[in-house]
Amino acid sequence: MAEPLLEVRELSIAFGGLRAVQDVSLRVPRASLTALIGPNGAGKTTLFALVSGFLRPDHGQVFFDGRDVTGQPPHLNARAGMTRTFQIVQPFALQTVRENIAVGAHLHIAGRAAALAEAEAVAERVGLAGQLDKPAADLTVAGRKRLELARALATRARLLLLDEVLAGLNPQEIGEMIPVVRSIADSGVTVLMIEHVMQAVMNLASHVWVLAQGQLIAEGSPAEVTRNPAVIEAYLGPGTAERLRKAHAA
Amino acid sequence: MKDAVAIVLFVLAVGAAALGFDSGVALNFIMMALYATLLAQAWNMLGGFGGQFSFGHALFFGSGAYVQAMAQLHGGINAWAALGLAVGAAALVGAFVGALAFRYGLKGSYFALITLAFAEVFRILALSVPFTGAGVGLMLPLREAVLNLQFDSPRGYALLLLGVVTLALAVTSWLRQSRFGAQLQAVRDNEDAARALGIDPLRTKLFACVLSAAFMGAGGAIYLQMFQYIDPAIAFGPTTSVEALLGAIVGGMGTLWGPVLGALALHVLSDVTRNLFGALPGINMVIYGLVLVVIVMFMPRGIAGIGQSVRTLWRGGRRG
């Protein structure tokens, strides 16, 4: 196997007595679209925060593109090519959509006009072209999710860590968003997404990691993972896998 | 581009007024309005564009004023050269306090408090050490000559201030349409999102603080030249801090013309109240307070954003 773009080795962090992430290791291959799933409170967002540098791990290491970036602050990670989005969208509310995306574009573009032009091009890719002059505060939830994606994309990230870009969207909006994520991955950007919407995970991800109570409990293709008894029990409670199996047999 | 045209028109209009009027009252008004504008502009760079609300901008003002005085009195340095030193010293103080506050992530009211505390510390230091003249203050000997940066009429100071205000307008315009300005406003609006997009919040805020402090220091140095006197209460007391932030907030934070409009409005207001309620000293501070409450509650965008605020109020919202 070629060197992965992102490698996480035995990453752990505890908040007081709560071991939020315990000994998690994973390897994200280049140009892949993979997903991290797990029940609420499993530590998925915490893992993203550790990888992207918003939190410093107690133990373990993070390698991005072969370089040790453990505990490196987020702005340096972004410059290296790893950008995260936020589950709770964080727009620059007072600024227009165009200005919001241009902030991302400015990471590699010094000129204002060039950054604004780049913002338009990126908006086109995520389907925000019609709303460039709106204040970010006036966007719908779906629009804000697209804006998160667009800003991160504008930094010319090589690895996008997408934290629930589909959460809070209605089925139609999810249907519209899936091709956007797919096209970003097809353009060569490596995507690791946290996602609850299984339709999207089944559709998009080539490989899935399952996190529960801070630990990785399973990994594999989406189909394998969803059949895994440990995963079913993590979501639905102990003993459920057995009962489901009996119900199917009956 | 639009900014540049507007700035040129502003300079021409104010310059013509300063050169055209001969009455002392009119020239004094122009001079003091430009002086208040400069303070508001300086505060706006950090407060309006960076979202870091300083309650102690007098710290930089006083540093500039004292260095301007000491360089001439103790160092025998020419007043124009002293102006450069004063601005540099204020910027240095800005770098120091900014580094300290931002390094430890002080935001919001904590940042306001630490700036206020530093201004008070400097005021007490200035009261205690001999080279600032302690409580007596420092008096600049009257030597009216352009070379000494002392003018025989308010017109000279008005033109000098117009030059610095224009420079501040240019810097503010740059903040509106440059990479640095975009990054500063991103940090203001959402620091975590800015970090995720590759912006170093510490360096960004620090540079804005230095810029803001430098202009505030210029304000202090020019104040000294105008009145030839400085003492710890004038230099580091809260009055100047309040004047700076009020002008920017009333006019419209994070805008190009807000500080100009705000400073002008407050200056007119204080003149009117002084004439109407001359028998009640201090009443203008009460009225300032009322104006601030009304602006913050109903017009968060200040005078520069009055149209939008009225529309929001009309639609029934409080803030938008």
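This is a predicted model: local features need pLDDT of at least 70, side-chain atom pairs count only at pLDDT 80 or more; totals for chains, interfaces and linings use all residues.

Reader: In what order do the four strands of the open sheet in chain A lie?
Author: The pairing in this sheet of chain A is antiparallel.

Reader: How many bridges hold strand 1 and strand 4 of chain A together?
Author: Strand 1 covers residues 6–15 of chain A, and strand 4 covers residues 59–64. A:Arg9 has A:Gln61 as its bridge partner in strand 4 of chain A. A:Leu6 stands opposite A:Phe64, also in strand 4 of chain A. The two strands pair in the antiparallel sense, and the number of bridges is five.

Reader: Which residue of strand 5 of chain A is the bridge partner of A:Phe64?
Author: Strand 4 and strand 5 of chain A run antiparallel and are joined by two bridges. Their hairpin has two residues between the strands. There A:Asp65 takes a positive phi near 55°. The partner of A:Phe64 in strand 5 of chain A is A:Arg67.

Reader: Why does A:Gly60 count as partly exposed?
Author: A:Gly60 lies in strand 4 of chain A. A:Gly60 touches A:Arg9, A:Glu10, A:Leu11 and A:Ser12, leaving aside residues up to four places away in sequence. A residue is buried at 20 or more other C-beta atoms within 10 Å, and exposed at 12 or fewer. A:Gly60 is partly exposed because the number of other C-beta atoms within 10 Å is 18.

Reader: How far apart in space are A:Gly60 and A:Leu153?
Author: In sequence, A:Gly60 and A:Leu153 are 93 residues apart. In space, C-alpha to C-alpha, the separation is 28 Å.

Reader: Which strands form the edges of the open sheet of six strands in chain A?
Author: The order in this sheet of chain A is 6-7-8-3-9-10, with mixed pairing. Neighbouring strands are turned by 15° against each other on average, direction ignored. The edge strands pair on one side only: strand 6 (82–84) and strand 10 (215–220) of chain A.

Reader: What angle does helix 9 of chain A make with strand 10 of chain A?
Author: Strand 9 (residues 207–212) and strand 10 of chain A pair in the antiparallel sense over five bridges. In that pair, A:Val210 stands opposite A:Ala218 of strand 10. Helix 9 (residues 229–236) of chain A packs on the sheet and touches strand 9 and strand 10. Its direction makes an angle with that of strand 10 of about 130°.

Reader: How far apart are the axes of helix 3 and helix 5 of chain A?
Author: Helix 3 (residues 97–105) and helix 5 (residues 141–154) of chain A pack at an angle of about 35°. The crossing is right-handed. By class, the contact has eight nonpolar, two polar and one charged residues. The axes are apart by 6 Å.

Reader: Which helix of chain B gives the most to the side that touches chain A?
Author: In this contact, 17 residues of chain B meet 24 residues of chain A. Helix 7 (179–189) and helix 8 (191–196) of chain B each supply at least two residues of the chain B side. By class, that side has six nonpolar, six polar and five charged residues. The most, six residues, comes from helix 7 of chain B.

Reader: Is B:Ser128 buried or exposed?
Author: B:Ser128 is in helix 5 (residues 108–128) of chain B. B:Ser128 and B:Ala304 lie 42 Å apart in space, C-alpha to C-alpha. B:Ser128 has 11 C-beta neighbours inside 10 Å, so B:Ser128 counts as exposed.

Technical notes
Residues are numbered from 1 along each chain as its sequence is written. Chains are lettered from A and ligands numbered from 1 in the order in which they are written. Two strands pair if DSSP finds at least two bridges between them. Two residues are in contact if their C-beta atoms, placed from the backbone, lie within 7 Å. Ala, Val, Leu, Ile, Met, Phe, Trp, Tyr, Cys and Pro count as nonpolar, Asp, Glu, Lys and Arg as charged, and the others, Gly among them, as polar. Axes are lines fitted to C-alpha atoms, for helices over the stretch in contact, and angles run from 0 to 180 degrees between N-to-C directions. A crossing is left-handed if the near helix is turned anticlockwise from the far one by less than a right angle, and right-handed if clockwise.
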